[in-house]
Amino acid sequence: MGDGDISAICDATSKEQLFIPIGLVADLSSARSRDEILQSFSKWVSVAIKADRCSIALPDGDNLVVKALNGDQAIPQGTAVPINGSVLGRVFANRTAEVVRDLTEQPFMDCRKLADAGMKCLIDVPLLAGDRCFGTLAVALRQDKDDLCTETAILTALAQCIATQLLVIEQMDHLVAMARTDALTGAGNRHHLYEVSDTAWANWKDHDRPFAFISVDMDHFKQINDTYGHDAGDQVLRAFVQRLMARSRTADEVFRMGGEEFGVLVSDVDITLARRTAERLCDAVGDTSFVVSDMELAITASFGVTEVMTCDQSFDDVLKRADMALYQAKASGRDQVISMSQQELAA
């Protein structure tokens with residue numbers, strides 16, 4: 001073999017080796033979600049290991065759920081594999097890689113399914129980042145190899161990359177949640193309200209899906225701070241939000257507008273249903289005392305309700321009208337619901 005032939009082989013090998021990381025990076029750069037990122041990894045891990053099947057499983061309660069899959073469908077994507085009683089679960093629990101040379105000799109459910117699909121061996125490694133284990137990365141092969149040390153080492157390195165990606169995604173999700181959430185009460189903040197209202201407004205304009213807004217103000221909250229202190233006031237605010245959330249529908253969202261002022265965006269309802277929601281919330285606040293530092297405090301709130309109307313130019317118009325209804329409720333004696341419908345404004 002001449003020098004030219006050797007150079008050609010080396011060039012081809014280098015191109016093949018570079019093809020995998022370049023392809024992976026290209027796919028990751030265009031991924032828009034965690035699932036797309038995991039699917040990209042499962043695809044390119046299969047190429048790197050020359051595996052017949054590659055899966056990534058993440059924990060969900062007592063199970064590991066297959067979130068990404070490339071190759072054989074022996075254990076389909078979305079399948080819940082019990083942590084107790086599977087090789088995947090053992091790798092996750094022990095945080096140690098395992099190599100199964102003959103799947104037919106294993107009693108575990110996941111091994112049996114892979115063996116039934118014609119798989120011979122399995123390499124499974126944990127997704128480790130620091131002291132966290134995010135799940136497992138597993139490849140299965142139809143043909144055994146004399147030495148799987150290289151494949152295990154490659155898989156372990158790629159598993160660390162996946163775990164790092166998952167850690168970054170988790171931290172980014174946490175930062176996004178913090179940016180949208182009131183730190184004291186856990187309710188959405190004004191910034192998040194305008195994000196959600198943009199969607200509600202678009203659904204109304206484009207699909208004729210109505211919505212309503214409820215403005216809420218705790219009655220005489222200043223007296224609580226003045227009498228019992230701001231720590232007690234903070235406890236009341238947190239408990240108040242919990243009551244609003246507990247009595248709201250899953251589709252509705254509670255927001256802290258500032259101080260003791262809150263709002264509830266109610267989706268797919270007219271003014272009649274929105275008013276019923278506000279009355280239910282009003283009763284939930286006033287019917288049972290709030291327990292703060294072994295003290296029982298009787299607390300009420302005032303509610304202003306309105307629906308989106310054809311005359312509205314933006315969500316701000318809805319917000320202002322709900323506040324007008326709230327001011328009427330407070331001026332009329334508090335602890336009540338005042339609503340403003342399109343018919344009432346036209347009258």
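Tutor: Two strands count as paired if DSSP finds at least two bridges between them, and strands themselves are DSSP runs (E, at least two residues), as helices are runs of H or I with at least four residues, both numbered from the N terminus. The model is predicted, with local features needing pLDDT of at least 70 and side-chain atom pairs counting only at pLDDT 80 or more, while totals for chains, interfaces and linings use all residues. Residues are numbered from 1 along each chain as its sequence is written, and side-chain values use heavy atoms, leaving out hydrogens and water.

The strand to look at is β7, residues 211-218, where eight of eight residues are buried (under 20% relative accessible area, with a 1.4 Å probe and protein chains only). Phe211, Phe213, Ser215 and Asp217 are buried on one side, and Ala212, Ile214, Val216 and Met218 are buried on the other.

With β9 (residues 261-267), β7 pairs antiparallel over seven bridges, and Phe211 has Ser267 of β9 as its bridge partner. Seven bridges also join β7 to β12 (residues 301-307), again antiparallel, with Met218 opposite Ala301. β12 in turn runs parallel to β13, joined by four bridges, one partner pair being Val305 and Ser339.

Together, five strands form an open sheet of mixed pairing in the order β8-β9-β7-β12-β13. Because β8 (253-258) and β13 (337-340) each have a single partner strand, one side of each is left without a neighbour in the sheet. Helix α9 (residues 271-286) lies across β7, β9, β12 and β13, contact meaning heavy atoms within 4.5 Å.

Terms used:
Buried means under 20% relative accessible area, exposed over 50%, partly exposed in between (1.4 Å probe, protein chains only). Axes are lines fitted to C-alpha atoms, for helices over the stretch in contact, and angles run from 0 to 180 degrees between N-to-C directions.
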